[in-house]
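These are my notebook entries on a structure that I am opening for the first time. I want to write down what I looked up, in the order in which I looked.

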There are 4 protein chains.
Amino acid sequence: MKALVYLGGGNKGIEDRPKPKIASPTDAIVKMVKTTICGTDLHILKGDVPTAAPGRILGHEGVGVVEEAGSAVTSFKPGDRVLISCITSCGKCEYCRRLMYSHCVDGGWILGNAIDGTQAEYVRIPHADTSLYHILDGEDETPFVLCSDIFPTSFECGVLNGEIAPGSSVAIVGAGPIGLATILTAQFYSPAEIIAIDVDDKRLAIAKAFGATHVINSSDGKAAKAVLEITGPRGVDTAIEAVGIPATFELCEEIVGPGGRIANVGVHGKVVALHLENLWARNVAITTRLVDTVSTPMLLKTIRAHKLDPARLITHRFSLADVMQAYETFSDAAKTGALKVMIEA
Amino acid sequence: MKALVYLGGGNKGIEDRPKPKIASPTDAIVKMVKTTICGTDLHILKGDVPTAAPGRILGHEGVGVVEEAGSAVTSFKPGDRVLISCITSCGKCEYCRRLMYSHCVDGGWILGNAIDGTQAEYVRIPHADTSLYHILDGEDETPFVLCSDIFPTSFECGVLNGEIAPGSSVAIVGAGPIGLATILTAQFYSPAEIIAIDVDDKRLAIAKAFGATHVINSSDGKAAKAVLEITGPRGVDTAIEAVGIPATFELCEEIVGPGGRIANVGVHGKVVALHLENLWARNVAITTRLVDTVSTPMLLKTIRAHKLDPARLITHRFSLADVMQAYETFSDAAKTGALKVMIEA
Amino acid sequence: MKALVYLGGGNKGIEDRPKPKIASPTDAIVKMVKTTICGTDLHILKGDVPTAAPGRILGHEGVGVVEEAGSAVTSFKPGDRVLISCITSCGKCEYCRRLMYSHCVDGGWILGNAIDGTQAEYVRIPHADTSLYHILDGEDETPFVLCSDIFPTSFECGVLNGEIAPGSSVAIVGAGPIGLATILTAQFYSPAEIIAIDVDDKRLAIAKAFGATHVINSSDGKAAKAVLEITGPRGVDTAIEAVGIPATFELCEEIVGPGGRIANVGVHGKVVALHLENLWARNVAITTRLVDTVSTPMLLKTIRAHKLDPARLITHRFSLADVMQAYETFSDAAKTGALKVMIEA
Amino acid sequence: MKALVYLGGGNKGIEDRPKPKIASPTDAIVKMVKTTICGTDLHILKGDVPTAAPGRILGHEGVGVVEEAGSAVTSFKPGDRVLISCITSCGKCEYCRRLMYSHCVDGGWILGNAIDGTQAEYVRIPHADTSLYHILDGEDETPFVLCSDIFPTSFECGVLNGEIAPGSSVAIVGAGPIGLATILTAQFYSPAEIIAIDVDDKRLAIAKAFGATHVINSSDGKAAKAVLEITGPRGVDTAIEAVGIPATFELCEEIVGPGGRIANVGVHGKVVALHLENLWARNVAITTRLVDTVSTPMLLKTIRAHKLDPARLITHRFSLADVMQAYETFSDAAKTGALKVMIEA
């Protein structure tokens, strides 16, 4: 089968690989129908993710059709259309039973990382019963592709941890795909203000179209002041970091109000300055989280009830044969305007 | 009347001052019976608290007897014995109505800071109805003195924010008075392990007597390793910072487990390194808080039900006339072994 | 001044009364601008509310202008436009400090009940600082009139206690004014299904226009079956009782699913059969509540952010001089189609 | 093998049965070491549990040694000592993933009910990985037997649902085994008052020894009055029903205070009168629950940390050969004083 493979040293390529086989009775083999590319895939290509060795098939998102199910799989059978969670969950370990699938002792984020992933014709899914979700007859698969990772991530790490509430004020720092997904899911809770902050006016325009009540271009270094002009000197109830660099996290520290929350969504590679000399008496909470995908069933319900349309994030479509071009388009988002690229079998 | 006054430049002295008067119909004048000294008083003396100007009568803790009540005070009358909260709460503003008395727009921590305090024969208490608590007939006042500040602080900032739960593991970094009060109130929730960490073996011995299940002397710089030997590689459910310096906060970052919490109690004067490059995917929460004293009614109930004995922290007793000596004893705790010093009228 | 007075024996009339005076330094006198009639006013007229004696001026809702403020009132001054809470809160007692203003020991629901109310030219508001809310310059008062009682009631007793969540299923039994307000505020949390149940097709049509995803006319006694056809045999996550009679409460018992909640909003006069023989193992919660109006500040924010338009409930408008006719219209809702009637000074 | 079998018509007997076999790859066969009898077993014998057909081996509690593990079982192997949960959990279904194992679509309470149980030499445990818990080397099995059912039941249905908190007041109606287990686990949260109510002075004496601060013999029908004399007219914060009849539930309705909770633990066979005419405005919550056993890992930690000693409930010990006599002793508790009887292989 064809697969997109990380070759090490910043390189990737399409390779011919043997079709995966059931390795454990709880596995399923899924024939991929649609997949996409995540910012984390780019991190792997840069060599930033030590668990992903050269030779790895990339990808941890997608929908497909069950090709084969292991003998202990009871919830899925060949022919079932499925959504693949980016997080593999055994359903048995202490973390799974605390609903922290991200830290599953026999799973977590392993797809396209410690084991081969979804940017291929077929993928092996361990612990299929607790890592796949049914797509119903007649449903378009497209929106579900974005429920593998980006929507549960924005919702769990940003919206839930940020405790967004009716009437509250929210600032979302970063209007890339994950920030935009946060803007969409934040509206589940009817906040009064959603302030989107980014350096790219085009993304801010999309943020506005997606429901931001205010947008701030932070290129001038005065975003904190601009936020406090909107909220009054108190600041926001929730500040969501959706970039992953020290400057944006510190901006969150400046704008969060007493009793507020900073919900980190970004993937960080560096230490950040925590200004406890200001914050120790400010009654704030700072949260971090690798997505657990515990909210996936809920997200599916909101999509089916037309409360959420994830497909709004899709800007480009490619066939799997053109996956190299899909990577180029996605990597060069500033120029191409790519948010999420859909890759179809 | 006699009062202990901050003179600026590291100095303090006993001065003769006029007895305070009712300034607003919601004020009460309280004749002090017992007070104590807080680590924050030492911070003021060092010049670290800009809101506390030279000339200020220090002290924000204590019990006394109502001498006079303003015309709008309805819950207290002359002769009532009262506990004084370290936090003044108007009961009306947005923060008070969100139970964040610490950020009251006409209160907060002002006693012995922005207005004259309790280390004197009399003190004026603004918003008396919502800043005082009744001491019942026949009750010994002694334990209540420690409910002005140290016990609500340790309980709210440490135990409540740390979400200590039955069977959980807790590390308390710092076994000074506030850390020891945290050890006592943590036991309200029956954690399985309470690990006390300090550099002073004498304090660790007290920690053990107060209920710590393990003690670690961190002088050798290997405290994190020692914690992980106790808990296994996962770390603790709750790490409580009760010192207020970067090193102890960073120790909390090293020992908190996935899904765990770091509850900051310490007063910090410097920026701290937040290792988001490790913590971003660890599903942790970090909380800060200036005590709100919303738990005071609950703490009084636990004392009256003999579930908590705050007086265990009292090591020395002085008369108000000897308050200068009380400060010396309290300041030189390493030598004197002082935890809390009781100052009686 | 003119006032609508309960005369006992089912009778009411317009009387001339002296303008109220400040009785306590925490009182304010408010000149009424707009008021409305509540189902509870009809209960009083029927003699069902023993605390409301003949001679009482009715009404516990409305907006007005502060005419005079007692000497201890700090947040309001003459000329301020204000929303009057139906619940009087002293801000000091144990219940107020637990955010249960409904059980305030010197307040609660007393307006138009134990003391004279708002269906008059002027009203005395005790504990003004904690029982009034500012209306901002330039704002239309109309929607705020419905924030005195009906919107906080539907939101707190129904939506909050029902723990409505994104993607969840909700049944609201009763599509009168309170049920309709529940339908509007339920949408703050983006449930997947909102099933409105009533015996009146006209009200069900409004329910649908207000956001109900399904409507069921329960006249045939088969509403439970109809709900289970929508949700599957499991039933709803939240069943909200918004009528106040045994039959509708028992319907909630039949349709609530495992792990679900029954949130009672209705005012009940009779004992209800609780089928614990079915429910003991069903992991349900049943909640009751007299509105606390703690959500009022939040509701004002959602109105200002255009997330909620309470004025949609207003069907008729009268002058205070025509208040008798307003009562007739409101009482005969089945014929007049009245939901909320606005009474203007 | 020998097994205690329900014969229908109120009868039971010891029968010879074939040793159970693995029926599914997720099963384990456990050789029983210790088991006990539950009040529910007596209900089955009376014919009150329609899912339990004549011929059923009774029992849903116990510890044993894994004899054989199915091919898909990964957490347990032959020779492992295990605690058997009374609730079978597949770990995969919607309810299991919401931590409501009680409603597992392929489990729930089935042991000794819909499938053969633990009062035998061997038992087949479906979904072994998610329905068994390890007993560590060197640990005495005795206390763990009571963690199959009675301790998680009292803790989850009573203490957790009752939201017992430090300083709060709790009334526990019924001082049988489940009420006594509730008294023990309530103390995890340091309530100020634990009021035990029963008609049997001997049980009340045990309640007192177990930590009740007050005991009330309700034989005179004046228990409500006696509770209100202890708490003041407000009533208790938490009332726990641990009997299962209308009278005791209604007693809970009389003594619960504003803002309080009624947590039902009892198994009810009859409709109960819910006095909504009093409770609608009282801001109470009423909860029901079939134990989920989600707290089992936590309970094991508290036992290992010596915060809980379940063995205090054991009053009699029998060999499996004498299980008929064990039933007699347990059934006739009023005379024998039996609380929990231990049955050992």
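**Where chains A and B meet**

I began with strand 13 of chain A, which is joined to strand 13 (residues 272-274) of chain B by 3 bridges, the two strands running antiparallel. Within this pairing I found Leu274(A) opposite Val272(B), the latter in strand 13 of chain B. I note here that the model is a predicted one.

Next I looked up the contact between the two chains as a whole, and found 36 residues of chain A touching 36 residues of chain B. The area buried between chain A and chain B comes to about 3100 Å², with carbon and sulfur atoms giving 57% of it. Of the area that chain A buries against chain B, 23% is supplied by Trp280(A), Asn283(A) and Thr288(A), which is more than any other three residues supply.

I then turned to the polar side of this interface, where 23 residue pairs of chain A and chain B are in polar contact, both residues being at pLDDT 80 or more. The elements of chain A that give two or more residues to the side touching chain B are helix 2 (94-97), strand 12 (256-264), strand 13 (272-274), helix 9 (276-279) and strand 14 (285-287). Sorted by class, that side of chain A has 17 nonpolar, 11 polar and 8 charged residues.

**Salt bridges**

How many salt bridges cross between chain A and chain B? I count 2 across this interface, and one pair that I looked up is Arg234(B) with Glu94(A), whose side chains meet at 2.5 Å, N to O.

Over all chains the structure holds 88 salt bridges. Another one that I followed joins the side chains of Lys92(B) and Asp129(C), again given as 2.5 Å, N to O. This pair crosses between chains, with Lys92(B) in the loop between strand 5 (81-84) and helix 2 (94-97) of chain B, and Asp129(C) in the loop between strand 6 (122-125) and strand 7 (132-134) of chain C.

**Where chains C and A meet**

Here I find 14 residues of chain C in contact with 14 residues of chain A. The two chains bury about 1200 Å² between them, 61% of it on carbon and sulfur atoms. Between chain C and chain A I count 0 salt bridges, and 2 residue pairs in polar contact, both residues at pLDDT 80 or more. The side of chain C that touches chain A has 7 nonpolar, 4 polar and 3 charged residues.

I traced an open sheet of 12 strands with mixed pairing, in the order 10(A)-9(A)-8(A)-11(A)-12(A)-14(A)-14(B)-12(B)-11(B)-8(B)-9(B)-10(B). Strand 10 (214-217) of chain A and strand 10 (214-217) of chain B stand at its edges, each with a single partner strand, so one side of each has no neighbour in the sheet. From one strand to the next, the twist averages 15°.

In chain D, strand 8 (residues 169-173) and strand 9 (residues 193-198) run parallel and are joined by 5 bridges, with Ile197(D) in strand 9 as the bridge partner of Val173(D).

Key
Residues are numbered from 1 along each chain as its sequence is written. Chains are lettered from A and ligands numbered from 1 in the order in which they are written. This is a predicted model: local features need pLDDT of at least 70, side-chain atom pairs count only at pLDDT 80 or more; totals for chains, interfaces and linings use all residues. Side-chain values use heavy atoms; hydrogens and water are left out. Two strands pair if DSSP finds at least two bridges between them. Helices (H or I, at least four residues) and strands (E, at least two) are DSSP runs, numbered from the N terminus. Axes are lines fitted to C-alpha atoms, for helices over the stretch in contact, and angles run from 0 to 180 degrees between N-to-C directions. Contact means heavy atoms within 4.5 Å. Buried area is the accessible area (1.4 Å probe) that two parts lose on being put together, summed over both. A salt bridge is a side-chain nitrogen of Lys or Arg within 4 Å of a carboxyl oxygen of Asp or Glu. A polar contact is a pair of N or O atoms within 3.5 Å; within protein, one must be able to donate a hydrogen and the other to accept it, and residues adjacent in sequence count only if both atoms are side-chain atoms. Ala, Val, Leu, Ile, Met, Phe, Trp, Tyr, Cys and Pro count as nonpolar, Asp, Glu, Lys and Arg as charged, and the others, Gly among them, as polar.
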